[in-house]
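Subject: A structure for you to look at

Hi,

Here is the structure I promised to pass on. Please open it alongside this email, and then read on for what turned up in it.

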Amino acid sequence: MHIRALVLENFKSFGRKTRIPFYEDFTTVSGPNGSGKSNIIDSVLFALGLARARGIRAEKLTDLIYNPGHDGTDSQEGPREASVEVVLDNTDGTLAREQVVSAAGSEDIGDVETISVRRRVKRTEDNYYSYYYLNDRSVNLSDIQDLLAQAGVTPEGYNVVMQGDVTGIINMTAGQRREIIDEIAGVAEFDAKKESAFEE
Ligand code: ATP
Ligand code: MG
């Protein structure tokens with residue numbers, strides 16, 4: 001399974017509806033400083049509900065809504081809603097239809113060769129609301145997270161490597177680096193279980 005495309009609407013610097021295609025093996029995004037490259041990564045973290053663990057760069061959710069006068073004028077003037085859709089290519093059958101049906105809580109989800117995960121954030125005068133959709137069915141964050149976990153995408157995982165992470169890994173002690181490798185290899189889970197077994 002891989003990301004086929006992202007559709008951003010009023011997300012951060014993307015004030016116009018923007019569809020960004022991703023290729024199966026490798027896609028790079030290049031552009032000058034401040035042009036929105038990292039905002040694209042933020043959009044994936046936002047939509048897939050991975051944001052809290054991997055450190056999205058925004059103080060509050062409503063900062064993610066496109067603000068025409070960013071770094072200046074009043075944000076109340078801009079759009080009231082942002083949306084990010086992550087279109088996943090599931091043609092390799094990473095997720096079975098039953099798994100998607102169960103997460104969406106509905107049989108009416110179209111074919112699952114394509115899985116669409118969408119999140120919206122909407123602001124009102126004094127509050128904000130967040131909504132998740134799986135193939136256009138309204139769902140909870142936990143439904144999305146449970147489904148993605150079955151495809152090996154978890155908030156604690158290393159599916160996303162942030163700016164600075166590589167330097168962080170280089171500067172670690174050998175022992176700390178080993179912990180990361182254990183985590184990726186899935187050994188860390190057993191270490192934790194072993195430890196709690198010894199405690200008992
Ligand atoms: P670098 O090469 O320096 O890492 P980058 O391409 O990764 O740059 P980003 O950090 O993705 O750049 O984009 C930063 C830009 O996004 C800034 O110009 C900032 O003003 C703009 N931005 C962030 N949030 C919003 C928002 N809510 N509305 C409008 N623009 C925003
Ligand atoms: Mg960047």
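Which residues does the UniProt annotation "binding site" cover? According to the unreviewed UniProt entry, they are P32, N33, G34, S35, G36, K37, S38 and N39. UniProt positions are given here in the numbering used for this structure, feature names are shortened, and annotations may be inferred rather than shown by experiment.

Some ground rules before we go on. This is a predicted model, in which local features need pLDDT of at least 70 and side-chain atom pairs count only at pLDDT 80 or more, while totals for chains, interfaces and linings use all residues. Residues are numbered from 1 along each chain as its sequence is written, and chains are lettered from A and ligands numbered from 1 in the order in which they are written.

**The overall picture**

The protein has seven helices and six strands. Helices (H or I, at least four residues) and strands (E, at least two) are DSSP runs, numbered from the N terminus. Along the sequence they follow the pattern β-β-α-α-β-α-β-β-β-α-α-α-α. The C-alpha atoms fill a box of roughly 60 × 45 × 35 Å, taken along the principal axes.

There are two domains, domain 1 (2-153) and domain 2 (164-200), with bounds that come from an automatic or database domain assignment. Their centres, taken over C-alpha atoms, are 29 Å apart.

Of the 200 residues, 22% count as buried. A residue is buried if 20 or more other C-beta atoms lie within 10 Å of its own, exposed if 12 or fewer, and partly exposed in between, with C-beta atoms placed from the backbone.

**The sheet**

Six strands form an open sheet in the order β2-β1-β3-β4-β5-β6, with antiparallel pairing. Two strands pair if DSSP finds at least two bridges between them. The edge strands, β2 (18-21) and β6, each pair on one side only. Between β4 and β5 the antiparallel pairing runs over seven bridges, and R123 stands opposite Y128 in β5.

**Two helices to find**

Helix α1 (residues 37-47) packs on the sheet, where α1 touches β1 (2-9), β2, β3 (81-89) and β4. The direction of α1 makes about 85° with that of β3; axes are lines fitted to C-alpha atoms, for helices over the stretch in contact, and angles run from 0 to 180 degrees between N-to-C directions. The buried residues of α1 are I40, D42, S43, V44, L45, F46 and A47. After α1 comes G49, with a positive phi near 70°.

Helix α3 (residues 97-104) has V100, A103 and A104 as its buried residues. These lie on the same side of α3 because they cover an arc of only 95° around the axis, the arc being that of the directions from the helix axis to the C-beta atoms. Among the elements that cover them are β4 (114-123), β5 (128-134), β6 (137-139) and α4 (141-150). Just after α3, G105 takes a positive phi of about 65°.

**Back to the annotated stretch**

Is N33 buried or exposed? N33 is exposed, because 6 other C-beta atoms lie within 10 Å. N33 sits in the loop between β2 and α1, and G36 is found in the loop between β2 and α1 too. With 17 C-beta neighbours inside 10 Å, G36 counts as partly exposed. Beyond its neighbours within four places in sequence, G36 is in contact with K12, S13, F14 and G31; contact here means C-beta atoms, placed from the backbone, within 7 Å.

Happy exploring!
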